[in-house]
Amino acid sequence: MVQKKIFRVALIALFLFPIVTHVQAQAFKEKDLVLNAGLGLGSTYAAGLWGGGFGLPIGVGAEYGVASLEKGVIGVGAEFGYVGYNFYSLTTFGVRGSFHFAELLELEKDNLDLYGGLGLYYRNFNFEGTAFATGGAFLSFHAGARYYLSEKFGVYGEIGNTWAWLNLGVVFKIN
């Protein structure tokens, strides 16, 4: 009985999936404002998949489409990331520029946004209860993809040396 219900739901989802994916949002374009929030795997300050014991990085950011090119869009934005555990924490913030190149590859998916770029960040490492804190500026790289599930909402994945080596999360298109 349960297997029949699961089969029916799967069959309905199979037929509805092409309809749902057809009505997705356009990829990133000039004058778009996109907000993102996510979790990271691997703090960029320490070795190890989980950041060398620093905890799970979290981050937020925003990006604005400033210029449309023949085969892509240039976006600028800012990000903030944080990871902490026990008595120490790491805060990262910075600005970045991205080139969105799905049109360059002539992809026919309007809901897929591929991008890559560079940034300038500041990283602050702090030990609570002490006067010790250190930090500095660094150059960053990033490459990622956003997949829009609706006109205003999607998911993203990104690699780079910003606030984590691998960032996964959600995106919200404001305009």
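Visitor: What is the relative accessible area of F172?
Guide: This is a predicted model, where local features need pLDDT of at least 70, side-chain atom pairs count only at pLDDT 80 or more, and totals for chains, interfaces and linings use all residues. Numbering runs from 1 along each chain as its sequence is written, and side-chain values use heavy atoms, leaving out hydrogens and water. Buried means under 20% relative accessible area, exposed over 50%, and partly exposed in between (1.4 Å probe, protein chains only). F172 is partly exposed, and its relative accessible area is 38%.

Visitor: Which pattern does the chain follow along the sequence?
Guide: Helices (H or I, at least four residues) and strands (E, at least two) are DSSP runs numbered from the N terminus. The chain has one helix and eight strands. Read along the sequence, they give α-β-β-β-β-β-β-β-β.

Visitor: Happy to start there! How do the rings of F153 and F172 sit, stacked or tilted?
Guide: Rings of Phe, Tyr and Trp (its six-membered ring) pair if their centres lie within 6.5 Å; planes under 30 degrees apart count as stacked, over 60 as edge-to-face and the rest as tilted. By this rule there are five aromatic pairs. One of them, F99 with F101, is stacked, at 6.4 Å centre to centre and 20° between the planes. For F153 and F172 the centres are 5.5 Å apart and the planes are at 50°, so this pair is tilted.

Visitor: How far apart in sequence are the parts that the F153 and F172 pair ties together?
Guide: F153, with a relative accessible area of 29%, is partly exposed. F153 lies in strand β7 (residues 153–160) and F172 in strand β8 (residues 166–173), so the parts tied together are apart in sequence by 19 residues.

Visitor: How many residues lie between β7 and β8 in their hairpin?
Guide: Two strands pair if DSSP finds at least two bridges between them. β7 and β8 pair in the antiparallel sense over seven bridges, and Y156 stands opposite G169 in β8. The number of residues between the two strands of this hairpin is five.

Visitor: How many residues make up the largest nonpolar core?
Guide: A nonpolar core is a set of buried Ala, Val, Leu, Ile, Met, Phe, Trp, Tyr and Cys residues joined through side-chain atoms within 4.5 Å. In soluble globular proteins, nonpolar side chains tend to be buried together. Here the largest core includes F28, V34, Y156 and V171, and its number of residues is nine.

Visitor: Which residue lies over the face of F28?
Guide: A contact means heavy atoms within 4.5 Å. Not counting residues up to four places away in sequence, F28 touches V34, E63, R146 and K173, among others. A charge sits over a ring if NZ of Lys or CZ of Arg is within 6 Å of the ring centre and within 35 degrees of the ring normal. K173 lies over the face of Y148 at 4.5 Å from the ring centre, while over the face of F28, at 5.4 Å, lies R146.

Visitor: What value is phi of K31 near?
Guide: K31 is in the loop between α1 (2–22) and β1, and counts as exposed at 52% relative accessibility. Its phi is positive in a residue other than glycine, near 75°.
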